[in-house]
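Please read this note with the model open beside you.

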Amino acid sequence: MVNDDKARRRFLEIQEVTKTFQIGADQVQALRAVNLNIDKGEFVCLIGASGCGKSTLLRIIAGFEKPSSGRISLYENAITGPGSDRGMVFQDYALFPWMTVRENISFGPRQKGLARKYIDEITAEYLNMVGLEKFADRYPLQLSGGMKQRVAIARVLANECELLLMDEPFGALDALTRESLQQELLEIWARTRVTVIFVTHSVEEAVLLSDRVVVMTAGPGRIEADVPIALARPREVSAIDFNQVRRDITQRLTSHVRHGSVRDLKAVA
Amino acid sequence: MSAIPAELNSAARLTGAADVTPAADPPASSTATSTESVLLAGAGGRKPWLPERVQAVLLAAAFPIALVVLWHYLVVVTGTKLVPTPYQVGVMMWDFSFGGIHDDAFSGSILTHLLASMQRVYGGFALAIVIGIPLGLMIGKVRVIRQMLDPTLSLLRPIPVTAWLPLSMIFFGLGPRSAVFLVFLGAFYPIVLNTIFGVRSVDPRLFEAASMLGCDGSRMFRQVVLPAAMPGIFNGLRLAHGFAWILIVVGEMTGVPTGLGSVIMDGRTLSRTDLVITGMIIIGIAGFLTDRIIVGINNRILRWSPQHHG
């Protein structure tokens with residue numbers, strides 16, 4: 001469905017985006033002058049301490065929030081609201097509890113008014129991709145957290161989104177389930193070549209998954225570093241070079257915290 | 001007759017809902033196969049289905065039987081002539097249902113009165129549903145409509161529905177239409193308020209998820225807002241249905257020739273307490289059966305959420 005014109009256009013461009021929230025009488029700046037370009041097919045992780053605005057940035061890309069200033073565009077078209085070209089996977093799943101697994105996955109295709117036969121085909125394909133055929137007629141309340149998150153991933157993929165936005169998607173899962181879902185996500189990414197922006201606060205997760213790690217810092221939220229991860233895939237978390245990259249990124253995260261606290265102390269003095 | 005308990009009730013259910021884990025869900029255990037689904041298996045050592053059911057029926061029946069026995073002895077001991085014994089009421093119910101005992105104006109007339117009351121109750125109830133649910137969905141979801149209508153609703157709500165009786169008789173005359181109007185008013189507030197509450201308590205991420213999947217406008221109301229608000233709506237329906245039967249009696253006391261309310265009114269004027277109690281029992285049974293039907297529909301529509309089963 002990608003025509004020549006689309007292929008020539010730049011994918012995701014974020015220029016000088018700021019976001020200020022009004023909380024009571026106070027204005028809180030969540031993002032200041034964020035610039036970020038992401039190419040089609042990239043796997044990018046946004047990492048940072050809580051309050052660094054990484055989730056806000058993701059919600060702006062999704063179109064759930066509007067930037068206070070700056071420009072954001074996909075294929076050089078300004079993003080003005082939620083759209084089916086971008087799919088969000090929430091930490092708390094946000095599945096429709098009254099729909100079965102199958103109905104949740106087919107929700108997007110059904111909105112497009114496609115032929116019944118085609119909808120069934122797409123749904124079966126993505127049920128298979130996340131390995132939930134046996135649970136197709138279950139309701140979300142009858143699933144474990146890992147299964148719910150698989151449904152959420154299948155639901156946005158079935159909608160043929162081009163940009164998968166994931167907001168700490170595995171944060172609420174136990175370690176074993178998280179590991180297997182990380183592997184499944186990488187397989188899905190390799191197979192579909194969907195562009196992924198993945199918010200996390202785990203350095204290991206970011207290095208394991210992404211082509212680029214974008215380090216964000218708080219107060220106000222901004223991009224501190226943009227680190228390409230050149231490690232060959234599949235990656236091994238216990239490898240020496242993996243650990244070097246992990247240490248490097250951890251340092252970038254914590255050095256800011258140290259600088260920040262020094263600045264705070266000076267301010268107090 | 002304010003609908004405040006309606007809100008408390010839904011709030012209690014919602015907070016209760018947060019405590020329920022998937023592990024407590026029995027249907028999952030039957031087909032669970034993968035390792036993850038071990039989590040879902042229901043608690044073992046469940047008692048067989050039938051004896052539990054029989055036990056429940058026996059427990060439910062024991063209390064009313066004890067009340068009837070107490071009633072009988074109190075009448076016998078005090079020797080009152082004002083209150084009939086349960087047996088006398090039983091005779092009256094038989095005559096009211098099938099005739100052949102007293103052979104008066106009320107013998108064998110149950111269907112006429114019951115059907116007349118049911119028509120008005122379900123008419124007013126249906127009208128309240130048709131107007132109340134869409135209005136509640138819009139007030140709950142659309143800020144502008146909420147700002148426009150919510151204060152007025154809050155102002156009108158504390159007015160007892162019975163206080164509308166004189167006005168309703170002026171608007172609709174002495175007759176069944178006035179009764180339908182009162183039933184409508186009584187059923188309307190719990191339905192609207194619980195629908196609003198149902199919409200307001202939906203996780204806003206569900207609406208975000210729907211909009212990113214290409215769902216908007218009226219489709220959003222039909223496919224997401226309505227089903228998501230269903231637990232609140234059914235709370236409202238059960239309360240509203242109770243109010244509907246309460247108000248039909250008030251409505252039919254205004255000079256309507258048929259209906260269970262008018263039977264009770266006639267019984268009072270004629271000092272026929274057995275007739276009054278007969279009317280009360282029949283209303284109780286009719287209300288109970290309709291409530292069972294609503295609960296049945298509730299359990300079917302909310303089959304995805306075991307904690308919302310009635």
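Predicted model: local features only at pLDDT ≥ 70, side-chain atom pairs only at ≥ 80, totals over all residues.

1. The contact between chains. Chain B brings 33 residues into contact with 34 residues of chain A. About 2,700 Å² is buried between chain B and chain A. Carbon and sulfur atoms give 60% of that area. Five residue pairs are in polar contact between chain B and chain A, both residues being at pLDDT 80 or more.

2. What chain B puts forward. Three elements of chain B each give two or more residues to the side that touches chain A: helix H2 (27–31), helix H9 (204–212) and H10. H9(B) gives the most, with seven residues. By class, this side of chain B has 17 nonpolar, nine polar and seven charged residues.

3. A salt bridge across the contact. Which residue of chain A meets the side chain of Arg205(B) in a salt bridge? The partner is Asp92(A), at 3.5 Å from N to O. The pair is also part of a network of salt bridges. Its members are Lys19(A), Arg59(A), Glu65(A), Asp92(A), Arg205(B) and Glu208(B). As a general point, side chains of opposite charge can pair when their charged atoms come close.

4. Lys19(A) and Glu65(A). Over all chains, the whole structure has 23 salt bridges. In one of them Lys19(A) pairs with Glu65(A), and the closest N and O atoms are 3.9 Å apart. This pair links distant parts of the chain, 46 residues apart. Lys19(A) sits in strand E1 (residues 12–23) of chain A. Glu65(A) sits in the loop between helix H2 (54–62) and strand E4 (69–74) of chain A. Is Lys19(A) buried or exposed? Lys19(A) is buried, because its relative accessible area is 9% and the cut-off for buried is under 20%. Glu65(A) is partly exposed, at 22%.

5. Arg233(A) and Asp211(A). These two form a salt bridge with the closest N and O atoms 2.8 Å apart. Both lie in loops of chain A. Arg233(A) is in the loop between strand E10 (222–228) and helix H9 (240–268). Asp211(A) is in the loop between helix H8 (203–209) and E9. The pair therefore ties together parts that are 22 residues apart in sequence. Arg233(A) is partly exposed, with a relative accessible area of 33%. Asp211(A) is partly exposed as well, at 23%.

6. A salt bridge within one helix. The side chains of Arg252(A) and Asp248(A) meet at 3.5 Å, N to O. Why are they separated by about one helical turn? Because they are four residues apart in helix H9 of chain A. Arg252(A) is partly exposed, at 34% relative accessibility. Asp248(A) is partly exposed, at 30%.

7. A buried arginine. Look next at Arg212(A), in strand E9 (residues 212–217) of chain A. With a relative accessible area of 12%, Arg212(A) is buried. What does its side chain make a polar contact with? The partner is the side chain of Glu42(A), at 2.9 Å. Beyond four places in sequence, Arg212(A) is in contact with several residues, among them Leu36(A), Ile38(A), Phe43(A), Val44(A), Asp226(A) and Pro228(A).

8. The nonpolar core. The largest nonpolar core has 152 residues. Leu12(A), Phe96(A) and Leu164(A) touch the most other members. Helix H10 (residues 217–252) of chain B gives the most to this core, with 16 residues. Around Leu164(A), the residues touched beyond four places in sequence include Gly87(A), Val89(A), Val156(A), Leu185(A), Val196(A) and Ile197(A).

9. Helix H11 of chain B. H11(B) spans residues 260–269. Its buried residues are Leu260(B), Gly261(B), Ser262(B), Val263(B), Ile264(B) and Gly267(B). The cover over these buried residues includes helix H4 (86–98), helix H5 (110–141), H10 and helix H12 (273–301) of chain B. After H11(B) comes Ser271(B), with a positive phi near 55°.

Terms used. Residues numbered from 1 in each chain as written. Chains lettered and ligands numbered in written order. Heavy atoms only, no water. Buried < 20%, exposed > 50% of the residue type's maximum accessible area, 1.4 Å probe, protein only. Polar contact = N/O pair within 3.5 Å; in protein donor to acceptor, adjacent residues only side chain to side chain. Contact = heavy atoms within 4.5 Å. Core = buried A, V, L, I, M, F, W, Y, C linked by side-chain atoms within 4.5 Å. Buried area = accessible area lost by both parts, 1.4 Å probe. Salt bridge = Lys/Arg side-chain N within 4 Å of Asp/Glu carboxyl O. Nonpolar A, V, L, I, M, F, W, Y, C, P; charged D, E, K, R; others polar.
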